Amino acid sequence: MANLILWNSLTNDNNHIRVIACYQLASWLRQYGYTVKVIDFCYLMSTEQLVDITKKHIGPDTLAIGVSSTFWNQPSIPLRFSTEPEWVMNARVKLQDKNLGWLLGGPAAVLNNHKLKWTKFRSFAEDALLQWMDQNSKKLIRRDLFDIRYSSLHFTKEDFIESYEVLPIELGRGCQFKCRFCAYDLIGKKKGTYLKDYDLIREQLIRNYNEYGVTRYTVLDDTVNESEEKIFALADIAQHLPFKFEWIGFNRLDLIWSRPSTIQALKDSGLRSAFFGIESFHPAAAMAVGKGWNGKQGKEFLLELKEKWGNEITWMLAFIVGLPKESAEHLEETFN
């Protein structure tokens with residue numbers, strides 16, 4: 001039986017991957033004696049399957065069922081965060097007689113047009129959720145505040161991790177940049193802050209390899225290559241692991257250009273695919289969103305980087321359509 005049950009689900013028409021939030025919260029709460037069951041890939045189950053699995057973990061000490069709203073509808077459906085998806089609605093109706101709290105986290109928690117009543121947790125929820133659990137279990141104990149620097153996420157055997165999976169991992173939180181179109185939390189942070197202790201990163205990677213055989217990750221940091229020191233540290237970790245570490249994540253192209261030593265360091269760190277937010281190759285349009293370098297030098301540097309990385313590292317380029325000064329013809333040129 002569990003004190004808290006978390007429904008996790010990232011619905012994608014082509015891929016089925018784990019979202020980190022529920023596992024991070026579960027790992028954090030377990031440090032304070034709470035039992036937490038994460039039920040993942042909920043959207044792939046029938047209502048009966050999800051309800052049956054959930055009931056197996058409900059007992060007299062169960063306080064609530066929490067639901068992650070991270071991409072909880074199919075990407076092909078417009079306004080995907082507008083309200084609860086059918087799989088949530090249908091399963092919750094069949095569990096209403098359990099007299100449990102219903103908690104909601106993730107991007108949709110900021111909206112106010114849900115059909116059902118929720119206790120909502122906005123942004124990073126470690127401290128707020130622990131406080132809610134303490135209050136509702138009558139444990140009035142002073143707790144330490146969550147600190148990403150000293151946090152190590154622990155999966156459990158009940159998470160049924162398979163060796164072929166690409167697991168999510170945080171090396172840090174926040175971003176030292178403040179792009180004009182970005183509304184993420186913790187942007188404009190001071191350099192070198194909110195970074196996880198490197199020994200904890202190494203321990204987490206080795207633990208997941210020893211227990212589950214996992215070697216591949218999605219690094220969730222807003223900007224993985226925010227500093228040379230961070231990339232060199234990651235490369236050092238990768239070179240001393242008992243397995244071939246591979247990762248994908250968001251990196252800034254202009255930072256690689258301005259720090260040429262990181263070209264090889266990123267390769268040594270295990271980078272296998274980089275997500276670059278180019279936004280535009282048009283000089284004026286790129287300047288309008290604070291990515292002026294991309295508009296002037298981005299395309300040429302990508303070709304240079306391709307020569308140095310070859311086929312060992314791929315990338316995905318993201319663009320914004322409809323920026324000032326950029327014509328449809330220029331967008332077509334970019335596409336070609």
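Mentor: A crossing of two helices is called right-handed if the near helix is turned clockwise from the far one by less than a right angle, and left-handed if anticlockwise. By that rule, the crossing of helices H1 and H4 is right-handed. Keep in mind that this is a predicted model.

Two packed helices are described by the angle between their axes and the distance between the axes. For H1 (residues 20-30) and H4 (residues 126-136), the angle is about 50° and the axes are 10 Å apart. Angles under 35 degrees count as roughly parallel and those from 65 to 115 as roughly perpendicular. H1 and H4 are therefore oblique to each other. H1 brings Gln 24, Leu 25, Trp 28 and Leu 29 to the contact, while H4 brings Glu 126, Asp 127, Leu 129, Leu 130 and Met 133. Sorted by class, the residues of this contact are six nonpolar, one polar and two charged.

Now take H2 (residues 47-55) and H3 (residues 86-93), whose axes come within 9 Å and cross at roughly 55°. H2 and H3 are therefore oblique to each other, and their crossing is right-handed. Thr 47, Leu 50 and Val 51 of H2 meet Trp 87, Asn 90 and Ala 91 of H3. That contact holds four nonpolar residues, two polar ones and no charged ones.

The strands come next. Strands of a sheet pair through backbone hydrogen bonds, either parallel or antiparallel. Here, five strands form an open sheet in the order E6-E7-E8-E9-E10, with parallel pairing. E6 (166-169) and E10 (314-319) stand at the edges with a single partner strand each, so one side of each has no neighbour in the sheet. From one strand to the next, the twist averages 20°.

Pro 168 stands opposite Thr 218 in E7. Between E6 and E7 the chain passes through helix H5 (residues 198-212), and this β-α-β crossover is right-handed.

Further along, E8 (residues 246-250) and E9 (residues 271-279) run parallel and are joined by four bridges. Phe 250 stands opposite Phe 275 in E9. Helix H10 (residues 292-309) packs on the sheet, where H10 touches E9 and E10, and the direction of H10 makes about 165° with that of E9.

Conventions
Residues numbered from 1 in each chain as written. Predicted model: local features only at pLDDT ≥ 70, side-chain atom pairs only at ≥ 80, totals over all residues. Heavy atoms only, no water. Axes fitted to C-alpha atoms, helices over the stretch in contact; angles between N-to-C directions. Helix = DSSP H or I, 4+ residues; strand = E, 2+ residues; numbered from the N terminus. Parallel < 35°, antiparallel > 145°, perpendicular 65-115°, else oblique. Contact = heavy atoms within 4.5 Å. Nonpolar A, V, L, I, M, F, W, Y, C, P; charged D, E, K, R; others polar. Pairing = 2+ DSSP bridges. Right-handed = clockwise from strand over helix to strand, strands pointing away.
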